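Open the model in a viewer and keep the selection panel at hand. The stops below each give something to select and then say what is there.

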Amino acid sequence: MNIKQEMELLALQTRNNLGIGLFEKVNVFDLLSKVEGISLMVVEMSDKISGMLLSRKDESLIVINSRKTLGHQYFTAAHEYYHFKFDRNISHRICPIKKFEDEYEEEYKANQFAVNFLLPRQAVEFMLSRRVKNRSIEFDDVIFLEQYFEVSHQLMLIRLKELGYINKNQYEEFKKNVVKRACELGYSARLYKPTSDEGIKVYSKYLELATRLYESGRISRGKYEELLIEGGYADVVFNAPEEIEGVENEIEDADIF
C-alpha cells in the first residue's frame, strides 16, 4: 500500500469513527471545535501561510488565514486536523500549503488525508452518478459539486482530474469565470472569497470561560469586555441582543412545560 492509498483508508476510517456518512459533507470547523475540542481561530495572516497548529499538553489551537478563500480555509482545517490527530510528537507546525503535491512527506500525507476526508472517492462518484447521466461532465457540474461539499474550486478540479472525470484540457477550461457562473446559478459566492473583512473568528470555549469568570466575580465587567474584544467577540459586547418581552410568558401560557 502506498502513501496515497494509506491516507485514503485513514480518512475513510476517521469519517467512520466520527459517524460521518460516506456521502455526507463535513462541517470541518464544527468538527474541530465541537467534537474534537480544538480551539480554532480564523485571523488575517501573511499570504505565505495557510494555517498553523499549536499544541501543548492537552490543549491545541489551529489558526486559519482569513485572507485565503473560505473553500481554501476548510481544506486547511482538514489538513491541520491530520497533523493534530496523526502527526505524533508535534508541538507546532506552520503550513504554507502552496501546492497539493507537496514534497515533504508529512505535508503530502496531510494533503492526501484532507482531500479524501472532504471528498471521498465514493461520495464524488455517487453525487456525479445522480447528476450526470449519459453525458460528459460540464462546468456547472463542477460548481454544483464544490458547493455541495463546500470545497474550493481548485480542490474540486484537482479531485475530478485525479479520479479521471476531467482531462487536462477541461481542467484548464473550467478554471475561468467561476464566481460569475456560480452567482448566475444561484449559489453564494462566499466559498470563493476571503473572510478577512469579517474580522477575527474564534471557535472555542473562550467565550464560555470568560463568561464564567465574570459571573463568578473573578473578573470585572471591564476586564470581561476586554477579553471578549481581544478574542474576536466584539459583536457580543456591542451588539448584545435585548430580552424580548412576552416570549417567556407565551411559552408558559402555551402550557408546554
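Select Arg 159 to begin: this residue sits in helix α7, where helices (H or I, at least four residues) and strands (E, at least two) are DSSP runs numbered from the N terminus. Arg 159 counts as buried at 2% relative accessibility; buried means under 20% relative accessible area, exposed over 50%, and partly exposed in between, with a 1.4 Å probe and protein chains only. Now show what surrounds Arg 159, taking contact as heavy atoms within 4.5 Å. With neighbours within four places in sequence left aside, Arg 159 is in contact with Val 115, Asn 116, Leu 119, Pro 120, Arg 121 and Val 124.

This is a predicted model, in which local features need pLDDT of at least 70, side-chain atom pairs count only at pLDDT 80 or more, and totals for chains, interfaces and linings use all residues. Residues are numbered from 1 along each chain as its sequence is written, and side-chain values use heavy atoms, with hydrogens and water left out.

**Helices α4 and α7**

Two packed helices are described by the angle between their axes and the distance between the axes. Select α4 and α7 together: they pack at an angle of about 90 degrees, and their axes are 11 Å apart. Axes here are lines fitted to C-alpha atoms, for helices over the stretch in contact, and angles run from 0 to 180 degrees between N-to-C directions. The angle makes α4 roughly perpendicular to α7; under 35 degrees counts as roughly parallel, over 145 as roughly antiparallel, 65 to 115 as roughly perpendicular and the rest as oblique.

**Salt bridges**

Side chains of opposite charge can pair when their charged atoms come close. The rule for a salt bridge is a side-chain nitrogen of Lys or Arg within 4 Å of a carboxyl oxygen of Asp or Glu, and by it the count comes to 19. Glu 162 lies in helix α7 (residues 153-162) and Lys 4 in helix α1 (residues 3-17), so the pair ties together parts that are 158 residues apart in sequence. Glu 162 is partly exposed, at 29% relative accessible area, and Lys 4 is partly exposed at 32%.

Next, pick Lys 109, which is buried, with a relative accessible area of 13%. Lys 109 has a salt bridge to Glu 105, with the closest N and O atoms 3.6 Å apart. The two are four residues apart in helix α4 (residues 105-118), a separation of about one helical turn. Lys 109 also meets Glu 106 in a salt bridge, at 3.8 Å from N to O. That pair lies in α4 too, three residues apart, about one turn of the helix. Glu 105 is partly exposed at 48%, and Glu 106 is partly exposed at 23%. For a network, select Arg 131, Arg 135, Glu 138 and Asp 141, which are joined by salt bridges that share partners.

**Nonpolar cores**

A nonpolar core is a set of buried Ala, Val, Leu, Ile, Met, Phe, Trp, Tyr and Cys residues joined through side-chain atoms within 4.5 Å. The largest has 55 residues, and Phe 117, Leu 118, Leu 119 and Leu 160 have the most contacts inside it. Helix α3 (residues 70-86) supplies the largest share of this core, seven residues. Apart from this core lies another, of eight residues, among them Ile 219, Tyr 224, Leu 228 and Tyr 233.

Centre on Leu 160: leaving aside neighbours within four places in sequence, its contacts include Val 124, Leu 128, Ile 137 and Val 142.

**Two loop residues**

Select Asn 134, in the loop between α5 (121-131) and α6 (139-149). Its phi is near 55 degrees, a positive value in a residue other than glycine. Asn 134 is exposed, at 86% relative accessibility. End at Glu 150, in the loop between α6 and α7, where phi is also positive, near 55 degrees. Glu 150 is partly exposed, with a relative accessible area of 29%.
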